[in-house]
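These are my notes from going through the model one chain at a time. I began with the order of the secondary structure.

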Amino acid sequence: MARARRPIAALIAVSLTAFGLAEWHVLKPGTPKAAAGSTITVGDAYRGETVFQQNCAVCHGAGGKGGSAGPRLAGATLTLARVKAQIDAGGGAMPPAIVTGRDEEDVLAYVAGIVAQ
Amino acid sequence: MQFLLDVNKTYTDIVTTVFSSTIAMKAWFATAAVVLVIVQVSTATRMWGHLQRVIRLPFPVVKRIHRWSGRLAFVCTLPVFFHCVFILGFQHPNTRVLVHSIAGSIVYGVFAAKMVIIREKGYPHWVLPVVGGSLAALLVTLWLTSAFWYFTNVRFGF
C-alpha cells in the first residue's frame, strides 16, 4: 500500500512545486524604467508581444527588428512617452491609434522591453 | 532584483537571435516535444505488442527509440517550462490560459509519477500505459492551448 503511494506522492509534490514556482514567477518583468514616475500605464508584456505581432510587426518587423515600412524598434533609443505619442497620433506611414486601450498598454509594456532606454 | 532582470534580458537576447520572439521559441520547442510524444506513444504501443505490422523494428531498437525520444522530449520542454513558470507564471485571464496553466502545473508531476512507476516493479499491468497516456494527453493539451493557438492566431513562423 505504501508502495502505491509513491507515484501519487511524486505527482502531488512535483505539481505543487511547479504551481508554487509559477505563482512566484520570480523573473516576471517589472515596471519598465521609462514608465517609473510618469503617467504612462503599461500592461502585460507577454500579451503585448502578441498584439505587436498582429498589428505592428507588418511594418516594424518581427520582434521590432525593422521591416519594409517602419523603423527598427529593437535597441532603438526611445522613451515610452515618445512611443505612446507615436501610437496615439500616428505620423509618417503610421495611422493614429493603431492600437488603443488595453492593447496599447500591453504593446507599450512589450516595446519597453525591446527598446534601449 | 537587478540580477533577475538581467537574467530575463539575457535569456530574451539569446532566444531572439534565432527566433522572432520568446513566444515563437516556446511554440517551436513545444511542437518538437509533441512530435516526440507521438513517437513515444507509437513506440510504447509497439512495445506492448500492438502496431507490429506498422513498426517493423526489433523490440530492442523500439525500446531504445522510446527512451531517447522521451529524453529529447523532456529536454525540449525545459526552456518552455523556464519561460512559462519563471517569467509568465500561473495566469487565468481566459479559459485557454487557465487550462494551459493547470495542465502545465501538473505535467511534471505526472512525469515524476511515471518515472517512479518505471523504476519500481510490481505495479498492476495497466498502470504504466494509463500514466504514460495521461502524460501524452497533457502534453498535447499544452500544445493545443499554446503553440497551436499561436500558429493559428498570431503567426506561423520562426
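Entry 1, chain A. I read chain A along its sequence and got the pattern α-α-α-α-α. The tally for chain A is five helices and zero strands; helices are DSSP runs of H or I with at least four residues, strands are E runs of at least two, and both are numbered from the N terminus. The model is predicted: local features need pLDDT of at least 70 and side-chain atom pairs count only at pLDDT 80 or more, while totals for chains, interfaces and linings use all residues. Residues are numbered from 1 along each chain as its sequence is written, and chains are lettered from A and ligands numbered from 1 in the order in which they are written.

I looked up burial next. Of the 117 residues of chain A, 36% are buried (20 or more other C-beta atoms within 10 Å of the residue's own; exposed is 12 or fewer, partly exposed is in between, and C-beta atoms are placed from the backbone). For contacts in chain A with a separation of 6 or more, I noted that 67% join residues 24 or more positions apart (a contact is two C-beta atoms, placed from the backbone, within 7 Å).

I asked which residues touch the most other members of the largest nonpolar core. They are Val111(A), Ala30(B), Ala33(B), Val107(B), Val110(B) and Leu139(B), in a core of 59 residues. Such a core is a set of buried Ala, Val, Leu, Ile, Met, Phe, Trp, Tyr and Cys residues joined through C-beta atoms within 7 Å. The most residues in this core, twelve, come from α2(B). I also checked Ala33(B): leaving out residues up to four places away in sequence, it touches Ala73(B), Cys76(B), Thr77(B) and Leu139(B).

I found 28 residues of chain B in contact with 26 residues of chain A. On the chain B side, α4(B) supplies the largest share, ten residues. That side divides into 17 nonpolar, nine polar and two charged residues (nonpolar: Ala, Val, Leu, Ile, Met, Phe, Trp, Tyr, Cys and Pro; charged: Asp, Glu, Lys and Arg; polar: the others, Gly among them).

I placed Met115(B) in helix α4 of chain B. Met115(B) is partly exposed because it has 16 other C-beta atoms within 10 Å.
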